[in-house]
Amino acid sequence: MIQYLLKSADFSGLFRFISPSFFKVVSPQVMFQIGTQILRNQKDLKTWEQIQKSHREGFDLLGLNVGLPGAQTPSPRDLGHRTLELFFYQILTQETWIVDLRTEAFEVHPGGVDWKPKAYYFKVQPQFLEGVRSLYRGFYLGDDALFDSALKQLKMDPARESFRAHFGLGDQSSVMFRLKEFQNTFTHIFDACAKEGNRLQGDFFVLGVMLVGLYERLETLNVPMNARACFDTVAQKVGPQ
């Protein structure tokens, strides 16, 4: 089922960047269930329309709507920052993630950009969602206790240093996103977890798909991004969740 999903999906050219080590820490049965659900979701057009509407209302409410002001074509940096804001917005506020952040999902035109994702979405398990939100908040807010607690909740504490490498050094105000570096870092993360016998939730596959699309998008733009400013923008608007 997973092989069928990868070959038939629009993401097929990017899946080589998902670390092979991932399959050491997530059971095939769980992967089968997730793959089945994602394929079933594509056929549920009514739910897809509701999810898109809910997301866009949230973007408008928070001032994160994809459209950019002005008549000129947005710069690569503006486009990248908007994509990062969309990613952080979903992580911090949404139970159902639209995972399509690939370059092909964005239509750029003078005065703005429209996000037109394919119907790849998944409702994340509450425990996993809580852990991921705490992980991002712990890192970007400088709360080491929250960061470490999130890693433990996600059963990824053996990979603490590799996770910090994934988030980046310094203040994250000028980050270049590279798919190959993403793959290498997550290989270390999953290998460290596998060495300790830690089994991870299958929802990591969904997060991985979204991250691969995000990295592809930002690598294509090929300019440094202020990831911290993007997180801060969203976190300040949504408040504690």
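**The largest pocket and its setting**

Reply: Among contacts (heavy atoms within 4.5 Å) between residues at least 6 apart in sequence, 80% join residues at least 24 apart. This is a predicted model, in which local features need pLDDT of at least 70 and side-chain atom pairs count only at pLDDT 80 or more, while totals for chains, interfaces and linings use all residues. Residues are numbered from 1 along each chain as its sequence is written, and side-chain values use heavy atoms, with hydrogens and water left out.

The chain has ten helices and four strands (DSSP runs numbered from the N terminus: helices are H or I, at least four residues; strands are E, at least two).

The largest pocket has a volume of about 340 Å³. A pocket here is an open set of points, on a 1 Å grid over the protein atoms alone, where a 1.4 Å probe fits, with protein on both sides within 12 Å along at least five of seven lines; lining residues have an atom within 4 Å of a point. The volume is the space filled by probe spheres set on the points, which are joined across faces, edges and corners. Of the 22 lining residues, His-166, Phe-167, Val-175, Phe-177 and Tyr-215 are the closest to the pocket's centre. Two or more lining residues come from each of α4 (76–93), α5 (126–140), α7 (160–167), α8 (179–195) and α9 (203–221). The lining divides into 16 nonpolar residues, four polar and two charged (nonpolar: Ala, Val, Leu, Ile, Met, Phe, Trp, Tyr, Cys and Pro; charged: Asp, Glu, Lys and Arg; polar: the others, Gly among them).
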